[in-house]
Amino acid sequence: MRVALFVTCLVDLFRPTIGFAAGKLLEQAGCMVEVPRAQTCCGQPAYNSGDRADAKAIALQVFDAFAGYDHVIAPSGSCAGMIRVHYPELFADDPVNLPRAQELAARTWELVSFLVDICRAETVTANYDREVTYHDACSGLRELGVKLQPRRLLASVTGLRLKELPGAEVCCGFGGTFCVKYPEISDKMVTDKATDIAATGAETILAGDLGCLLNISGKLARQGRRIEVRHVAEVLAGMTEQVPPIGAPR
Amino acid sequence: MLATSRNFEANARAGLANDNLQRALGLARTGFPVRRRLAVERLPEFEELREAGRAIKDHTLAHLDFYLELYESNVAAAGGKVHWARTPEEARAAVLQICRSVGAKTVTKGKSMVAEEVGLNEFLEASGITPVETDLGEYIIQLRHEPPSHIIAPAIHLMKEQVAETFRAEHRALDPARSLAEPRQMCDEARATLRPRFLAADAGITGANFLVAETGSSIIVTNEGNGDLTQTLPKVHIVVTSIEKVVPSFEDAATLLRLLARSATGQEFSSYTTISTGPRRPGDLDGPEQYHVILLDNGRSRLLGTEFQDMLRCIRCAACLNHCPVYAAVGGHAYGWVYPGPMGAVLTPSLIGVEEARHLPNASTFCGRCESVCPVKIPLPKMMRHWREREFVKKLNPPVYRSVLSLWAWVTRRPTLYHALAELAARALGWVGRYRGRFRSLPLANGWTAVRDMPAPEGRSFHSLWAERHR
């Protein structure tokens, strides 16, 4: 299978390790991984700000960048959901481009659900001797049904003990531009999330979306808590030794 | 009701700083969602029921003119009268005319969000008629001169101690020695005060959860029985409701009632489901002598055929409020008008204008929990996004936001430039943050760093590293 990695703009800028972890997991699952250079962002900031024209222009660029691959994989439920669920909506009134949007949507996946649901991966080879808890990022959970797949793979990580997070399905308050448009409300939401995470006693919080992780990490750090924050792909790929947790000193 | 939706940000800050509100919301956060989940788990066909509910409402909305006229003719056949009201003014005038025609001095009221929407209480008071709310929550907030903060639990923003204080301040006959520590005791106190008011009322005003076209009936659900006393004891029963409440048949209403109670409170059925068809008939033992229905449009018919039509499926269960993390953070008053939470974020701009209500559809993370619990599958986030699209076209967003967005989109469409800038930013921020791994403050990012740290980038962009390793 020839797959294209959609790195996502946040991973590109903040945490390339997640992109390399995704590449490693995909290769372990038997995929030939390529990274089209013409990719930037999925256009979600424009789409969710009501700017359909820019969102469409960016989507057309994504169509071209990822044409011809068997599958397109993003280490993010939010960006994969944008392509899978929202591109067809964006072009619903555009008969010329709608087929392209639907065609791309049908072969675009969130990383971990692709590994489990399509590649039929049941285990990974990784070691992480920690008690961890897991936050279900909203778009992956509710738009793409990502819930059991990460838990199944995490169960095969040597040493890892998963302690479920109460309210794991409640939003962390990131919400793209929401977190800077309404910082006080976002603060209340992420404070509640950080409090719930701390109450589990887990040493590490994992999730599948970097936006949520930046938000959660930033709040845990501001509260002075020493809880490690990582993307689930880093743990599944066994790459936790290569880079400190998100927001931690080098 | 006078809207303060324009001040959403300030309203939200006030809500976040209100300790009593935060304590009350903390209790509600788990209560309603847990009860709903348990009720849904007990009903294996709940998903099919949601689909059936959606289909009933879609069918009715597609033929709304037909069912409304059928409903009107059947109300008339049962001896009642429908009063069409395009605007809140027309609705208020119709109620006043009916009240004056029987010389009404006091009216009892069951909970009606449409009555809140048209500002009925203030209007009746100004016209010399005393309205008495009889739903316990509505009664409490009427005593406190506050608007409702929730569409099925209007006083949910209050702790029980505040309710006790209110009763002590407002009930002059209340013995100071009498305990009001427990909800039961407050309920008894309210009941004792309200009972003579029920008997003295000249007219009773209720809302309607559903209107049944095939029989001309109105249906209300309550858990207190106050609606029954409101609509059967006085000489006149006035139903104040809106056009999208109509459904074709009793069968349809029964399907929606099964969804409503489970979605709202986690009950299988509300304690009281009361059906009214016209006034008292010859030989009936009780019931009103007159039966009137005020059918409000107030902008709803304008939504038909638009991207907002699905909103008219709403059956006002409040599941979306109960599962919304933004509502749970700021409370209902922040939304500044009658309808809060996700359903309000879509409906309010439709009814009072997107200029006034611009913030409401923006104050969402699009987490999607509302849509996932909606009993009639209204795509609430999608419709909030449609409001954002209208705002964008009308240039209602702050100019700085538009400029930044436009610049970002311009760069995003130029991959070579984008990658160069991403590498530059990753290197610069990564270098500055190389020891601590995060920033406590960052220029131009105050919205983020005011409340949380910003993790520092690793120091190189993914695409630069990938290009180096795959040359």
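This is a predicted model: local features need pLDDT of at least 70, side-chain atom pairs count only at pLDDT 80 or more; totals for chains, interfaces and linings use all residues.
In what order do the 4 strands of the open sheet in chain A lie? They run in the order 6-5-7-8, and the pairing is parallel.

**Stop 1**

Then bring in helix 12 (residues 210–222) of chain A, which lies across strand 7 and strand 8 of chain A. Helix 12 of chain A runs at about 175° to strand 8 of chain A.

**Stop 2: the two domains of chain A**

Colour residues 2–118 of chain A as domain 1 and residues 131–236 as domain 2. The C-alpha centres of these two domains are 22 Å apart. Their contact draws 28 residues from domain 1 of chain A and 22 residues from domain 2 of chain A. To see the side of domain 1 that touches domain 2, select helix 1 (9–14), helix 2 (16–28), helix 3 (44–48), helix 5 (77–90) and helix 7 (111–118) of chain A, the elements that give two or more residues to that side. Classified by residue type, this side of domain 1 of chain A holds 15 nonpolar, 9 polar and 4 charged residues.

**Stop 3: where chain A touches chain B**

Show both chains together. The contact takes 61 residues from chain A and 51 residues from chain B. Several helices of chain A each supply at least two residues of the side that touches chain B, among them helix 4 (52–65), helix 8 (138–144) and helix 10 (178–181). The side of chain A that touches chain B comprises 31 nonpolar, 15 polar and 15 charged residues.

**Stop 4: a helix pair across the two chains**

Select helix 11 (residues 183–200) of chain A and helix 1 (residues 8–17) of chain B. The two helices pack at an angle of about 30°, and their axes are 9 Å apart. Their crossing is left-handed. Display side chains for E184(A), I185(A) and K188(A) in helix 11 of chain A, which meet A12(B), R13(B) and L16(B) in helix 1 of chain B. By class, the residues of this contact are 3 nonpolar, no polar and 3 charged.

**Stop 5: chain B as a whole**

Chain B contains 22 helices and 12 strands, and its C-alpha atoms fill a box of roughly 95 × 60 × 45 Å along the principal axes. Of the 471 residues in chain B, 50% are buried. Among contacts in chain B with a separation of 6 or more, 75% are between residues 24 or more positions apart.

**Stop 6: L429(B)**

Finally, centre the view on L429(B), located in helix 20 (residues 415–432) of chain B. Is L429(B) buried or exposed? L429(B) counts as buried because 20 C-beta neighbours lie inside 10 Å. Leaving aside neighbours within four places in sequence, L429(B) is in contact with A456(B) and P457(B). L429(B) and A456(B) stand 27 residues apart in sequence, while their C-alpha atoms are 6.3 Å apart in space.

Methods
Residues are numbered from 1 along each chain as its sequence is written. Chains are lettered from A and ligands numbered from 1 in the order in which they are written. Axes are lines fitted to C-alpha atoms, for helices over the stretch in contact, and angles run from 0 to 180 degrees between N-to-C directions. A crossing is left-handed if the near helix is turned anticlockwise from the far one by less than a right angle, and right-handed if clockwise. Two residues are in contact if their C-beta atoms, placed from the backbone, lie within 7 Å. Ala, Val, Leu, Ile, Met, Phe, Trp, Tyr, Cys and Pro count as nonpolar, Asp, Glu, Lys and Arg as charged, and the others, Gly among them, as polar. A residue is buried if 20 or more other C-beta atoms lie within 10 Å of its own, exposed if 12 or fewer, and partly exposed in between; C-beta atoms are placed from the backbone. Domain bounds come from an automatic or database domain assignment. Two strands pair if DSSP finds at least two bridges between them.
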